[in-house]
Amino acid sequence: ADENMLIRISRNLITIAIKSTEEGGHIEVGAAAERGGFLSVYVKDDGIGMEAEIAGKLFDLAAKVSKRGTAGEKGSGLGLKLCAQFVHRHGGGIRAESRPGAGSTFRFTLPEADSAPL
């Protein structure tokens, strides 16, 4: 895997979790092996969350999606689109699960090193 791409993906997802979580909230980062030779990495927060309609468009290059953070931070949505491109370049996938007021989980998968397309 390309170390710089993986650092950028992780940093971006953690930054989004921080922006979306109130002071005193919780953010969890973890990884686990999955069937089929994939590694699953996730960033989960108990922040403001988002509607399913927004979550479904986050990684779509043609969609304009942005949501303000808890302190009014504005984002362009380009960081998530870049994350998706990096994950796909590695032969993996990325998705977001969220509910308003209940937080979000961003999860990406990467194949084992032997099968990665880089």
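Residues are numbered from 1 along each chain as its sequence is written. In this predicted model, local features need pLDDT of at least 70 and side-chain atom pairs count only at pLDDT 80 or more, whereas totals for chains, interfaces and linings use all residues; side-chain values use heavy atoms, with hydrogens and water left out.

The account begins with strand E3, which spans residues 93-99. Helices (H or I, at least four residues) and strands (E, at least two) are DSSP runs, numbered from the N terminus. One face of E3, made up of Ile94, Ala96 and Ser98, is covered, while Gly93, Arg95, Glu97 and Arg99 make up the uncovered face. E3 runs antiparallel to strand E4 (residues 103-111), and seven bridges join the two; strands pair if DSSP finds at least two bridges between them. Ile94, on the covered face, has Phe108 as its bridge partner in E4. Three residues lie between the strands of this hairpin, in which Gly101 adopts a positive phi near 80°.

Side chains of opposite charge can pair when their charged atoms come close. Here a salt bridge is a side-chain nitrogen of Lys or Arg within 4 Å of a carboxyl oxygen of Asp or Glu, and the whole structure holds two of them. One joins Arg95 to Glu97, with the closest N and O atoms 3.1 Å apart. Arg95 counts as partly exposed because its relative accessibility is 41%, and Glu97 is likewise classed as partly exposed, at 37%. (Buried means under 20% relative accessible area, exposed over 50%, and partly exposed in between, with a 1.4 Å probe and protein chains only.) Another salt bridge links Lys57 and Glu53, whose closest N and O atoms are 3.8 Å apart. Lys57 is partly exposed at 38% relative accessibility, whereas Glu53 is exposed, at 58%.

Arg99, also in strand E3, is exposed because its relative accessible area is 58%. Leaving aside neighbours within four places in sequence, Arg99 is in contact (heavy atoms within 4.5 Å) with Ile48, Gly49 and Met50. Ile48 is 51 residues from Arg99 along the chain, yet their C-alpha atoms are separated by 8.1 Å.

Finally, Ile18 belongs to helix H1, residues 3-20, and counts as exposed because its relative accessibility is 51%.
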